[in-house]
Amino acid sequence: MKDVFRVRRMWRPRGELRDRYDVVIVGGGSHGLATAYYLAKNHGITDVAILEKSYIGSGAAGRNTTIIRANYRTPEGAEFYRQSVKLYEGLGADLDFNLLFSQQGHLTLAHSDRGLITATERAEVNQLLGIDSRVVGPEEIARLCPEMDLSQDVTWPVMGALYHPPGGIIRHDAVVWGYARGADRHGVEIHPYTEVTGIERSNGRVTGVQTTRGPVRTDMVVSATAGWSTLVADLAGVPLPITTHILQAFVTEPVKPFLDVIVVSSQMHVYISQTDRGEFLIGAEIEPYTTYSSKGTFSFLEYSARHTLELFPQLERVKVLRQWTGLCDLSPDYSPILGKTELDGFLVSTGWGTYGFKAAPIVGTTLAELVATGETPRLIAPFALERFYTDTLVSELAAAAVSH
Amino acid sequence: MRLPPQPDERIDREAAIPFTFHGSRVTGFAGDTIASALFGEGQRVYSRSFKYHRARGLLCCSGNCPNCMMRVDGVPNVRTCVTPLHEGAKVEAQNFWGSLDHDLLTLTDKVGGPFTPVGFYYRTMIRPRRAWPLYERFLRSVAGLGKVEKHGGRTRRYDVEHRRADVLVVGASEAGVESAREAAGREGRVVLVDNGLDPLPDLEGVEAVRGTAIGVYEGGLVPVDAGTVLHRYRAGRVVVAAGAIEQPLLFPGNDLVGVVLPEAVRRLVGRWSLRPGARAVVVSADQRGLETVSLLEQAGTEVAEAVDLRTTRVREIAARGRGGRVASVELDGKKLDCDLLVMSGGRQPAYALLAHAGASVEYDPGRGIFLTSAIPQGVDAVGAAAGDGVAAAAPSATYNGASGKGKCFVCICEDVTDKDVKRAIAEGFDSIELAKRYTTVTMGPCQGKLCHLPSIRLYARENETDEASIGTTTARPPWQPVELGLLAGRPHEPAQRTSIHHRHKELGAKMMWTGTWRRPHSYGDPSGEAKNVHDALGVIDVSTLGKLVVRGPDAAAFLERLYPNRFGDMKTGRIRYGVLGSDAGRIMDDGTIARLAEEDYYVTTTSTGAGAVLEWFEWWNAVWGLDVGIANVTGALAAVNVAGPHARELMSRLTDLDVSNDAFTYLDAKHAHVAGVPSLVLRIGFVGELGYEIHFPSPYGEHVWNSILERGADLGALPFGLEPQRILRLEKMHILVGQDTDSESNVFEASMPWIAKMDKDDFVGKWSLERVQERGFREQLVGFEMANGVVPPEGGQIVVDGRPGGRVTSSRWSQHLGKAIGMGWVPPELAEDGAEIAIKVDGSVERAHVRLRPFFDPDGEHLRT
């Protein structure tokens, strides 16, 4: 308790960049920081530098809509995220930092029989893998969320939902800071405002990186750069089947909380939760065009507002406070690309589309294990970059595209 | 109590307006805002603050700060200082337990300061984990500001207007008006948008609009919030004349009721003839604050002292309160009693709209404010928004670092104090972006209008650096908060109905959604309807099918390249089933393709895939540049399928075609008049019985439908819906794209290898399909029969070694076959006729057997005869 009052630095001030590290992690977001944390904690590898071109958590980690869940469609995806949720549940205690993880439950609405089939499939896969997930009808939805408009005389009547009780929202920035503090305490160096401008190679191996603060020698580079993945991989000469799109979100002014469950409608491309501060946090699907511009669009506000009011007409007079965008790295099968590439010593965590933040702890543990042992952990083997050469794709389209 | 009439007052003392405040009857005048009327009635406390529940009163009187936010007629968070009063308004204050004057949660203020430092919640309630949900429940019970009617519905009608302007001026400030006047008559259509309380200026050649610009988006899009109308302006040139925003000073007690910004004095006295207080102290870092002195004197307020911080160095300012209201101020220990403290920390140009447009925002150390540069083309800044006339502040004087007793607020929306910010810095949140997220400064209802500049000044001071190197956070739209209802517009979504829709309703159809279409699920008896197709004659409305005409010298070549099938060798008047693949060899859609003439094909698609297929066709047509035209005739044509043993007899009655099996064979396409309507008749059979699909102009939908039912009545003609159709097609193992296939399915693994003509030169996806052939199958789409007649759920799992090994995509009970049947994906080693599979049904595992050929009429004799 006394820690509450004592002012303690979260992390050391940025120091000089040394000329060599065992491991260089590009990207100070949730994946990069988690990987560094577990490298140090689980494997004792502490000669690690995190190079971040802006401030920590400045990309997707600080822009997502903070939803954590495991109710994926493919067994590969569901198992992976099950582990992630499990880690998230214990992460606050592990990092000794309250991440405000609110496991309030997650409803994915079905507005058509096709939607119900998808929900059923996900529930069936989840149950076989021990994930708490089931299809519920309108009556149970009304019990879980009495404020939602469940009348049938609307454009998209609610026919049922996939209910996932462990699904929740978390304070995303706290995850970033908690990992940063944990990594820093283990001796990992965090270098914000340090951009990687080149990746040095020799004989098919990584030998170092060029940065805006000078060169660094290393034989292990982990790129965890989300929307900028292809640009960083280009530096390493590794082509990635990734396109970069924007995803948008907005919050409303705070109002007294009444929505205690996360509501997602894939049909209407909208997901809605209410934060512990009382703001409604609303997101949409990825924009179909590719861009690196972080400018938001007005049409996003219009269609998201329209869909929100379809479900919650009582929010008609509630005001939008702020909209923002984030960059998403989308893979062809809506599953991540994780692990080794054709360049020795260059690992990637990419292809996260709209669902990367949910995976931070499990990405961190598995990538750290891969770095430490050189062996790809079983859990992430299906997500290897190689699958695009062997055509072994993992289709998460049904569960990932807009289902936060 | 009002002052005697003031020279420029805006109230009409003859027009009293009654309204209620917490149920009590009160009155204001025409020309009042809700806040000014309440002030006239003696109200000084307007709200309770977000975290500490401190009493808050009018501060900016300009619609920027959160202090006057109230619930008006059930609408939360209304900025009452800029909301004109209307008769009968029901006004209530927000965010208190008990009453506004005696808020039980002020406890958080008394004990909260030392016990709840910034970010305290990150460090507490970590263990035991069980405790956190309880604590969270408490947090949620006190969070938020205004209340929403939990079960309320939509109450207002909102409209959107699309407008164009050659020049759009935002803000009727002096500079804005001047810009509009200059542009008038020279630059086409000139529009001036203003959200103030004064009447709009009447300028020749300028259209003046009351409303708030929400943002400046790509392509000169400036949406304007005009209450219940959203004006979506496309502007050739945007002139931002949004003025400047008065900034507070940082000192202990700077949030007390009675501590105001200069504009509050101007408006209270000048506009509404209200005396802001009895005894005032003015502390100002610019001229604007000092200018209030004469106004105050004019209103009969005694000015105890006016301090110009530019010339007088004051080391310590501290306001002391009683009951949340300012009672005195200490200037370097000199105590002055007062009930009004006018503070001015200078003005910050309102640059947000410029930042939205892409301008950079940088600190100008000489003037102590943020200014914009690199304003993009097509956008201009004028007046105070551009920094003109914004008198140099004395930034060093706006915060002296003295902490003293009492809270010094940097951000009044979120109740963030100077100590919180200092603590954040000490903890290592040393970038403004990190600090913003940690302390939540600038994240409240004012969105930084009153806290961005002071927080950055404080930051610079604490970090012992200059403001310029601290940088700034990004300004994001909207410029002022905007209602969801306005953004949403009127509540309608596109819905499609066929031209026979009303007949279905009359026939008692249960309707369902498929994509945007409403279609009959059934007419009450799905099994019976399916049986009638087998036994007699069924008719189904298939108008929802996508329908494309592909015509031109290269039409055959175009389709050959798009589909894995062959179409060039088709004879005129023949039909082929086609499966459209993506460039990755994945199944996108399916349908029939009829060759109507040498250069003329008629392509049908799935009901939900029509749009995507059209887009796909047009995309490739643009890439290849073939001589072919594509027309979407989905809506223009209705389509009806008649199927069953008596279908031929019916067709012979409705047309003068020779419908004998020799003259009109399976997979023939013929033009004919059906019930007098020019039609295209396709002999195909999705449902497995002899069938004809009749395509004809939509307006004749009901006529053709009625004719079929009338002329076929003695043949047993009855309508059937989508549900019986699904049973029938499943009996035939005909796939539904998107249900039986997913985004990774290909024709080989979907058990339709005959579709792909791998000896063709090339087609979209060929390379990928060759890879599938090379690598071998990983899964396969098969049919199955349940051993015990249990119908498994669609989406159910086929269990292999206790793990998900495959999935059920379709399943039904077939009355005709007396079996529970289905389709699903299984591992290749199980894709053998008769192989046993296990399917999870409601927690137990049911046995089933794989079937590779259609359950019904595997050789298609019913279709061909």
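Trainee: Which residues of helix 2 of chain A meet helix 8 of chain A?

Mentor: In this predicted model, F80(A), Q83(A), S84(A), L87(A), Y88(A) and L91(A) of helix 2 meet P361(A), I362(A) and T365(A) of helix 8. The residues of this contact divide into 6 nonpolar, 3 polar and no charged.

Trainee: Why is helix 2 of chain A called roughly perpendicular to helix 8 of chain A?

Mentor: The two helices, residues 75-95 and residues 360-373 of chain A, pack at an angle of about 105°, with their axes 7 Å apart. Angles of 65 to 115 degrees count as roughly perpendicular, and therefore helix 2 of chain A is roughly perpendicular to helix 8 of chain A.

Trainee: How do you know that strand 17 of chain A pairs with strand 28 of chain B?

Mentor: Pairing requires at least two bridges, and 2 bridges join strand 17 (residues 319-330) of chain A to strand 28 (residues 482-483) of chain B, so these antiparallel strands pair. Within strand 28 of chain B, V482(B) is the residue that stands opposite V320(A).

Trainee: How many residues does each chain give to the contact between chains A and B?

Mentor: Chain B gives 79 residues and chain A gives 73 residues. On the side of chain B that touches chain A, the residues divide into 33 nonpolar, 20 polar and 26 charged.

How values were computed: Residues numbered from 1 in each chain as written. Chains lettered and ligands numbered in written order. Predicted model: local features only at pLDDT ≥ 70, side-chain atom pairs only at ≥ 80, totals over all residues. Contact = placed C-beta atoms within 7 Å. Nonpolar A, V, L, I, M, F, W, Y, C, P; charged D, E, K, R; others polar. Helix = DSSP H or I, 4+ residues; strand = E, 2+ residues; numbered from the N terminus. Axes fitted to C-alpha atoms, helices over the stretch in contact; angles between N-to-C directions. Parallel < 35°, antiparallel > 145°, perpendicular 65-115°, else oblique.
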